[in-house]
Amino acid sequence: MKNIVYFEERTETLTEKELKELQLERLQRIAAYVQQKVPFYQQAFAANHIDAAKISTLDDLRYLPLTSKSALRDHYPFGLFAIPLTQVMELHASSGTTGKMTVVGYSSADIKLWSTVMARSLACGGVKKGDIIHNAYGYGLFTGGLGVHYGALELGVTVVPSSVGQTKRQIDLLADFKSTVLTCTPSYSLYMAEEARNYGFDPLGFSLRIGVFGAEPWSEGMRKQIEKEWGLQALDIYGLSEIIGPGVAMECPGQEGLHVWADHFLPEVIDPKSGEPLEEGQEGELVITTLTKEALPLIRYRTGDIVTLTTDRCPHCHRTMPRISKILGRIDDMLIIRGINVFPSQIESVLMKIPEVSPHYQLVVTREHHLDKLEVQVEVSSEVFSDEVKKLEELQQRVLAEIENTLGISVAVKLVEPKSIERSQGKAKRVIDQRQI
Ligand code: DLL
């Protein structure tokens, strides 16, 4: 296959048996480590009659307690750290939508690990020596900017630390430096393309060949749109601050699932309601155990992200690490519209099939007479918007019917003017929840 690049080929292609042996050895070590170093786990293990020394197979993982985001909040800011603060080299935090921030810390070995898994991720996407990465993920407490940065340094490629914002300057830099790789959120990449056109550039005229996009859900339709706009191959990268930041899993150019770096991050999929592990291929909540992290080791951390998992060898790049599907939604993003569960990404998938509507949309949820109502607001192009009313109404009916037929939910649809939906430079806000519950 064209364009296979490995950063650590031997590890990335371990046999199933070798990977399992390594995972078990590391699981035993990390369980003993948290039992000794983190009072929260000491208590959780004791309450569940678990002794790390008794773990003898990978299947024993299921008996270990799950860890939720609330554990991090309850022990804010540093209560789950396994090392003294004097050994913590870097702190990051994410604000979340409610409540306290979630704080994460890295030892110097953790920074090395992050650099390695990010170098692996970039290489997995086909990034190689000679590439110039235009890194428009935010630098700061958000892990996107620095994560990509460390990975680029480790891989030995040039990185332009442009961070988010000042979009015109970003476009000038892209043009002048002839960057070959764009890293940012998928929604920001579309905004950049739109702005590039506004400034008189043709987005297809830049030198970009690969996009490494993540940090928010995006559909296959959105991928196609981005690829068409920029003339690059758009690849999905996944991660979360609690586990390390970006670099937990990454697509290869085959675009058939994201390779999880499972020698460091042990993935499981559970039923989010019962907490029971699911069979391979079943859709459920991704749970990750960090096998090698020092400062903030987490056991069976509930990511809240819905995926399926496969251990089949990748037919494209032959990596043997397990793969997750694209993130199908988040447990806390799931809307229940008159009893039917829908994720915003499912609505996005339907919208992306209708050529007249743009990828800029928002979902407004309200509650009337105890029933949830959903209004889909989506931008249309200025030509469509200035069409006669009848045509607009026809389009609106078509969008409505597509959503109802595909997802089985009834929604209201509002076609809005170009640029009326707020553009994001980081994670797009797709759902406006106006319910007063
Ligand atoms: O978003 C880390 C990251 C930065 C990943 C840059 C990829 C690229 P947090 O801010 O802690 O960390 O948010 C983590 O974002 O649980 C998912 O719900 C969502 N998320 C991350 N990557 C993807 C993706 C970073 N590729 C949360 N697809 C996660 C869908 C994603 N959702």
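Student: Hi! How far is a polar side-chain atom of Asp-305 from an oxygen atom of the ligand?
Tutor: In this predicted model, that distance is 2.6 Å.

Student: Okay, and what about the side chain of Lys-427, how far is it from an oxygen atom of the ligand?
Tutor: There an N or O atom of the Lys-427 side chain sits 2.8 Å from a ligand oxygen.

Student: Which side chain has an N or O atom 2.7 Å from a nitrogen atom of the ligand?
Tutor: That one is Asp-236.

Student: Nice. How much of the ligand does the protein bury?
Tutor: The protein buries 93% of the 610 Å² that the ligand exposes when taken alone.

Student: How many residues are around the ligand, and which come nearest?
Tutor: There are 21 of them, and the nearest are Asp-236, Ile-237, Ser-241, Asp-305 and Lys-427. By class, the shell has 9 nonpolar, 6 polar and 6 charged residues.

Student: Where does the largest share of that shell come from?
Tutor: From strand E7, with 5 residues. Strand E7 covers 233–240, and helix H6 (143–155) and strand E12 (301–307) also supply at least two residues each.

Student: Switching topic: how do helices H8 and H9 cross, left-handed or right-handed?
Tutor: Their crossing is left-handed. The axes of H8 (residues 186–198) and H9 (residues 220–230) come within 10 Å, at an angle of roughly 35°.

Student: And which residues make the contact?
Tutor: On H8 they include Leu-190, Met-192 and Arg-197, while H9 brings Ile-226, Glu-229 and Trp-230, among others. The contact of H8 with H9 counts 7 nonpolar, 2 polar and 2 charged residues.

Key: Residues numbered from 1 in each chain as written. Predicted model: local features only at pLDDT ≥ 70, side-chain atom pairs only at ≥ 80, totals over all residues. Heavy atoms only, no water. Near = heavy atom within 4 Å. Polar contact = N/O pair within 3.5 Å; in protein donor to acceptor, adjacent residues only side chain to side chain. Areas by Shrake-Rupley, 256 points an atom, 1.4 Å probe, with all protein chains shown as cover. Helix = DSSP H or I, 4+ residues; strand = E, 2+ residues; numbered from the N terminus. Nonpolar A, V, L, I, M, F, W, Y, C, P; charged D, E, K, R; others polar. Axes fitted to C-alpha atoms, helices over the stretch in contact; angles between N-to-C directions. Left-handed = near helix turned anticlockwise from the far one by under 90°. Contact = heavy atoms within 4.5 Å.
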